[in-house]
Every structure is written in C-alpha cells, then in structure tokens.
Amino acid sequence: MVTAKTKHQPEILEAVVIRFVGDSGDGMQLTGTQFSDTSAMFGNDIATFPNYPSEIRAPQGSLYGVSGFQVHIGSVEISTPGDNVDLLVAMNPAGLKTNLHAVKPGHTIIIDTDAFTKKNLEKAQYQTNPLEDGSLENYRVIEVAMSSLTKEALKDVEGLDNKSITRSKNMFALGMVYWMYDRSTQHTIDFFNKKFKSKPNIIEANTKVLNAGFYFAETLELIPNAYTITPAKMASGTYRIIMGNTATAWGFLAAAEKSGLELFLGSYPITPATDILHELVKHKHFGVKAFQAEDEIAGIASAIGASFAGDLAITTTSGPGLALKGEALGLAMMVELPLVVVNVQRGGPSTGLPTKTEQSDLLQALYGRNGESPVIVIAASTPANCFNYAYQAAKLALEHMTPVILLTDGYIANGSAPWKVKSVSEMPEIKNNIVKDVTENWHPYDRNEESLARNWAIPGTPGLEHRIGGLEKDKVTGNVSYVPENHEYMTNIRAEKVKRVQNYIPNLETEFAETGDLLVIGWGGTYGSLHSAVKQLNEEEGYKNIGFAHFNYINPLPKNTEEILTKFKKIVVCELNNGQFSKVLKMNFNGFEFLQYNKVQGLPFGNTELIEKFKQLVK
Amino acid sequence: METTAVKKYTFKDFASDQEVRWCPGCDDYVILRSMQKALPEMGVKKEEVVFISGIGCSSRFPYYMNTYGMHSIHGRAPGIASGVKLANPNLSVWVMTGDGDAMAIGGNHFIHVLRRNIDLNIVLFNNEIYGLTKGQFSPTSLVGQKTKSSPYGNTQPPFSPGELALGAQARFFARIGGNNPKEMSNIFVEAHKFKGTSLIEVLQNCVIFNDGCFTNITDKAVKEDKQIFLEDGKPMIFGKDRNKGLVLNGLKLEVVTIGENGITEDDILVHNAKEKDPTLHQMLVRLEYPIATGIIRSYNDVTLEEREDALTAQVKANSNFKKTDDLFFSGETYEVK
C-alpha cells in the first residue's frame, strides 16, 4: 500500500464523475469497479454505469468497440451515475473521440499517448492528431506514455508475456486516479491477492503497475493538486456494493428462505438478464435449482412445472424473451399458479440494442398475451431496491396465486450502488396458499374470500389429486367448461383478483412537494435521474412547487394515484420509450392532461435535459 | 419422505369422474385403459403420479386420470414435466403427447428432454395426422399422403420418431401397436421402472382422419408376420410359425427363415436392449419389414437428477453458507457509523 505525500491538504469536493474508456479488452470495467468499490468503502455514496458494446471483443481501436465505465462518487446523496464528466481517462483515440462530448469544459482528460499511433488515429477516424491540432484546448489534458511506463515498471518481473504486460496498463491509470482523489490502493491490492492467488507474478505485476501510476501522479507537475470527497451521510449499518442483477437474484434467495420453499429458476441466456442466472447457479448450497433450458419457452415451462410441484418458481429474461414466453405466461395466469417473470428491459424492438437500456416493454408486460390475461406488474427503480422488488414479486405471486412480472432494465441491472444489507429476519412475512388437508367438497379453484387467491394443492398430497389446464374451467369444480356465463365469470374473477392486490401494496408517495405547479411522474429505472433533477430544482429559487411521484406498482396502480394527480396543475410523465406509461395513466384516469417527456436512445435521462424541460413547463 | 405401504389399487382408482370424449373406436381408449391397468402394477402412490400434456387429441389424457395432471400448451409438456420432476424427484411424471405436439411445434423440447435424461416417461401417440385440427399432415405423415392441407399429396418427408429419439440420445425407446393393450401395459410398467427418460411410441389409429394407417402392421391377421416383438436376451424371431429371424448381413439386418439354407436358431441375433452402443437399436428402429415393437432400447445411464443431486451435496458440504444472511454479510461489506 502506498499513501499520498502531498504538500497541501487535498481540495475537498462534494461529488465527482469519472469515466474510464478504452478498448473492450482494456479492462475498463474492472478499473471502474475497483475505483467505485474503494470509494464506497471509504464512505462515499456512489452510482455506477457500465457502457459496453454487444461484441465481446470488437476490433481493436474501433469506435464501436469502446467500452466505458462511469462512476459518480459523493459526500452527498448520489442517485445517478451523473451526466457530465469531471475526469475522463481515455486509453485510446476511439475512446477519446466517442466520449469527449461528455467532459465538462475546463476539466481533466488523462490520455495514454502510446495508444495515439497513426493506425489507431485512423481507426478512430481522426484526420489529425487531437493531441496536436489544438482541439483539446478547452480541457486540461494530462498526457502520459502509459504503455511504456507500464513496461518499464515491469522490466524486472519474471515470467510475463507481452500480453500480460500490455493488459496491466489499466492499473497504471487506476493508480493515477487513486492519487488524484486521495484514495488508498489497499482494497485493489487485496483484490489482486485474492483473484490471482495461484499466480504470484501476476499479483506482483499488477501491484507494481498500480503503485507506479500512483507515484507517477504524485510527482507529476501536470497534476497541481489532489482532491478528496469526504464520506457521505448515510444511515448507519452494514453496507456492500451491489449490482442490480445480483440484488434481484438475492431478493429471490431471501424470499425462498422466508417462505420455506425451494427456489427454482428456469432460464435461457439473454443480455442483459443473464447475470441473474449466473448468480443463482452459484447457490446450490441453499438448494437453489437453476435450470438452463433449451430456449426461453422451456425456461418458463420448467418454471411453471416447478410451481405446480410446489417450488417458488421464477424465470428471467429480456424483451425478446418475454415475447417468446407470452403463451406460457398466459397458461400460468389461467391455471393460477405463482410465478415470477423478470424482464430486464433493453433497447427494442426485435434484437434492438441488447446492451443498452430502455423502458419499452411496459405494454408488452401488461398486454402481451392472448385473451383477457391480467398479471401483476411491478418495477424496481434502483440497483439496490431490485432486492426489495424481487422479494415483493415473489411474495405477491405466492400470496395471490398469480404470475408477477418484475421489470428492471439494463441501466439499473448493470449499475451498482451501496446497499444497506438486509437480514432475512427484517423482511416481511410471506404466506402461501398451500392446502394440505382433505376436506369434503374440496376443489382446486376454491378461493380465499378476500384476496380471491385459489388454494395450492401440490402433487404428493394424498386426496387432492386434480387436473388443471389452459382450457376454461368451471368456477366451482374446476373441470373443463364451455358454458358462456361461466367463462365471463372466470374472466372477471381473474381480473378482480389482480385488481384486489391494490389492498396489499403501499400507497404512492410524492417527494419534494405534495401539491403545486408540476408533478413529475416516472416509473422503474429512471428514479435516480428524475429524483436528482427535481431535487436540484427544488434547491433553486422559484421551483419549490415541483413534486415527484415515482411508480413501482404498475398493475394494479396504487389506490391513491388519482388523489395525487389532482393536487398538481400540470403533470409530465417521463419515460425511456414513446409514452407507454402515459397511455396507461390516460386509460385509467379521465380529465387529466398527461404531458410527456420521452427519450429512446438506449441511454438514461440526462440531468440537464430534465432540468431544462421542467423549467420550461413551470414557466 | 416417509415410506408408507402403497395401497393395492385397481384400474378404477385411476379413472377420473370426467366423461371421456375421444371419437368412438379411437386407439386412445386403449392407451387410457392400458395406463389405468399398468399403474396399480407400478407400486406407486396415486398422489405421486403426475400426467403432463400439451395440445392435441392425446393431450386430453390427464383429464381422464384420477391423479395430478396438467393440460398445458402446444409442444411444451416436456419443459413443464422437467420442472415438475426437478422440483420433486419423488413423483412419477408422465408426458402424454402426439406426433404434432412432440415433433413439430415441440420438436426442440422433445430432443432436449431426451438428451438430458431426466427420469420422465413420454408416451407418444403417433397417428401420422393432426386430429384435433381436423386432418392436416403431421411430421410423421407419409410422402404422397392426401390430407386437408395436402390435397394433392404430402411433399414433406417424415420423421421416424425412434430414429429421431435415438439420434437425440434416448436411453429407452419402445414401440407398440395401439391395439395391443396387454403388451402396452407391460411396457408402461417397464418405462416407469427405468431410471431416465423413456419414450414409448404407440402406433395409434385415428378412425376419422387416418383410418387404417397401421392396419397392415397391427391387424390381428398380419401382426405376427409383420411385427417382430423384441424381448431383451431373447433371439429375434417372429412370424406365425416362429420360423423367421433377423441376422446381420454386412451393415444391414436381413430376414432369414430358420430351417432354410442351413440357418438354425443359433444364427439368429439375440436382442440386447441394454447395450450402450445404439447402432443395432437404430437399425431395428429403421427396419421396414418386420416392424420392430417392444422395448428396443433400455440403456441405463446417469440421470440429470443424479448429477444435480451429487453436485448439490458436494457444494453443500464445502460451503460456509447455510442461510442467506451468511452470503449477504460475507465478503466485501463495510460499516457506516
């Protein structure tokens, strides 16, 4: 471990946004993760945003092969990875070209000059070298021959091939950034020791390069001072940094333990949902049964079978996969079995933008099945609360005997943030509708009078043998029925069952203002962007009466929704699609004008665009 | 699971109170009755039997069984059944399917379920036609067959279910005529005993849309001459006079007559259903004369559940994670005061 020996006290900043960019094989995700974890352990609030191409190893140096990782750290509450960048670390010309627009004028860019060769400049479609043509005049550019310095630092380490040497230059950059932001290298060194346990020369190499970067920054005259971001005020407790997809997986683990049921996952790999599968397959020690099926349909089909047999069953996917699962989801709805379908939304339609974020599967989730087939739809809104909403999805499915669609998106699924670790003992109880005793006149579709949930008779239970299926069934006996009035009755009772979930979910809350000129509405993964924009406006004079209401429950909507809508003069619904939730609100609530702010670029909302829009609306 | 003695059932215990709605004279009635008769012989508790079906005439089956069951969606029964079995390996799980359900819309699931070797039993009602949609050609219809969707004759060559199944690594394959309830019941019992995925193809007559499709094989008058009923460990002999047999001639099976050209019973191949190498089983499956029936292949292999159970036990033994809290609070956590 090395520590800074700066002459002056580092300058204190409230928050800073750093972006690491390079080739998709340059290790930018690792570099970014190390910096954010170190900062979180130091006590900062953080939010991260990885941004990478869908190609695994795109051609070296190409514009579309640029991989980036952005982290926002602060001594104040951080709810987004930030828009504009205070520090850009560009490992090659393509990275500089595709990310320069995000750097605030006057702010810093660290560049590996060794990568600015004629060939790489051509690949990045630069006519002239930006380091020489004056196009970076408005920035503070720190030019470092990182590749050569890395080689130099490693000249005495034995048993390293050229590839390993070149690969560790990202650690040189990380070392520099650690010094600049007054961070210790210890966490990363611990990481090397654990990760490369059996390869001492790799540990030595990475540690050397990291330290070399750190010392280089310290002695470099180009960096006038270091900065520090003091710890944020956060509720006391045990924390860890968690990615949205991991939080989702863990929410299900907790729900399985709390409900006393075994967890079954039927899934097929699809970006950006696959990490949930990757996480759950690890946990055989908890008895998790994770089944990688031959396709999306077999994924949900196996989950329906496991649910019939008494497991807490889930299936995970992204937009195109949800389309494939549609028919089976209708079956689960028809046979009224508990099932959670996670849709980690990505840019659509069709294959769309697999690694980018969007919220355009909302209407598919609500209506993408044949016949009248309502299901519960809920949405997580931050990386950390994916845990809560996965748990809640399982609870609602089990307690109401219905499929639940949990919507997350690529932005919160891949993003990470501090999570105040929840013990299972703190989580709410999960009841189930399992029936064990044989009573006279028992029928498989006997319902709980209040929730209308049917009872759940599991194969293996003597005396409760019964058949269920996709055909309409008689309301009393559960046998196949084509009676017209019975079909209408059953259609209505399935809808009413989902509607009554309103009685079991929390009311909608408003933030910043309970009444006023403008209500900003969002749902799902845009919480961070919208929250921080409205918060920022509320701190300015003249914008105190902008309220913010964010929906996690989409079907059914919270009971008090209309009441909240009436309290504001204007309403704007902000979504990363062309207005799907505003359509839902229009259908449900007459007499309101729902203004829209939409973006369909595969990117999250930016702070500046939101603030501009809201200011314009309250003018 | 507690082990209590299994009640002595009769076939009536397995009949549900629902009126059976197949066409009069359909072989499906034979399959239903054979299953209801086989179940008491299996020594399995009624509440531990599950029938899963897809869509089609065959798939109405679960409604008529007084066991657990699900009539699901077209082609997906193998997926659902896999989930049932993985969730509760104590259950005896049956997939009831047809040639369209299993090999057209459900073709992908069909080959993968066989490949994995989960301990499931699949009964394939093969009538070489779509019945419930009223008479279109299926993936097993013959070239030239005139159907509602091929009025000038079918141009799509058929699958042979057995060949497809063995190609997909099926460990158990049996074939039986739809008019042979006694042997069908026995095969169901054997399939239940077999650990792994077992597939039983029933040559099932559709009286309405493809009547007589197997008559030249299954009719009582020709059955013994046109079929060879295979039994493990017994010579491959067939014919009314029990004087025909199979020998290997180069890479082909050949029919010979015992007592002619110096052929004796010792020259006849002996059936080994348990053989790992499926070459001879494949040849038997493809044979056009005689048609091979009975249990053609029954090779014991590790099941998916056995592999999964072993891994789970190993992971559990080596893990410090007993409760989710152990995981959540492990590794890189930090305290905020």
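Helices, taken as runs of at least four residues, and strands, taken as runs of at least two, are DSSP assignments throughout, and they are applied here to a predicted model. With that understood, the span of residues 55-202 of chain B can be described as 32% helix and 19% strand, and its end C-alpha atoms lie 17 Å apart.

If one takes the contacts in chain B between residues at least 6 apart in sequence, 65% of them join residues that are at least 24 apart.

Chain A is divided by its domain assignment into domain 1 (11-229), domain 2 (240-426) and domain 3 (510-618). The centres of domain 1 of chain A and domain 2 of chain A, taken over C-alpha atoms, are separated by 34 Å, and the contact between these two domains draws on 13 residues from domain 1 of chain A and 9 residues from domain 2 of chain A. On the side of domain 1 of chain A that touches domain 2 of chain A, the elements giving two or more residues are α1 (28-42) and β3 (45-51) of chain A, with β3(A) giving the most, namely 6 residues. Sorted by class, that side of domain 1 of chain A consists of 8 nonpolar, 3 polar and 2 charged residues.

We turn next to the contact between the two chains. Here 47 residues of chain B are in contact with 58 residues of chain A. On the side of chain B that touches chain A, two or more residues come from each of β2 (68-71), α2 (77-87), α4 (107-116), α10 (304-318), α11 (324-328) and β12 (333-336) of chain B. Helix α2(B) gives the most to this side, with 8 residues, and by class the side of chain B that touches chain A has 19 nonpolar, 18 polar and 10 charged residues.

On the chain A side, β9(A) and β16(A) pair in the antiparallel sense over 5 bridges, and Y239(A) has K420(A) as its bridge partner in β16(A).

Which strands, then, form the open sheet, and in what order? The sheet is made of 3 strands in the order β16(A)-β9(A)-β12(B), with antiparallel pairing. Its edge strands are β16 (416-420) of chain A and β12 of chain B, each of which pairs on one side only, and neighbouring strands of the sheet are turned against each other by 35° on average when direction is ignored. Helix α9 (residues 244-259) of chain A lies across β9 and β16 of chain A, and it runs at about 115° to β9(A).

Technical notes. Residues numbered from 1 in each chain as written. Chains lettered and ligands numbered in written order. Predicted model: local features only at pLDDT ≥ 70, side-chain atom pairs only at ≥ 80, totals over all residues. Contact = placed C-beta atoms within 7 Å. Domains from an automatic or database assignment. Nonpolar A, V, L, I, M, F, W, Y, C, P; charged D, E, K, R; others polar. Pairing = 2+ DSSP bridges. Axes fitted to C-alpha atoms, helices over the stretch in contact; angles between N-to-C directions.
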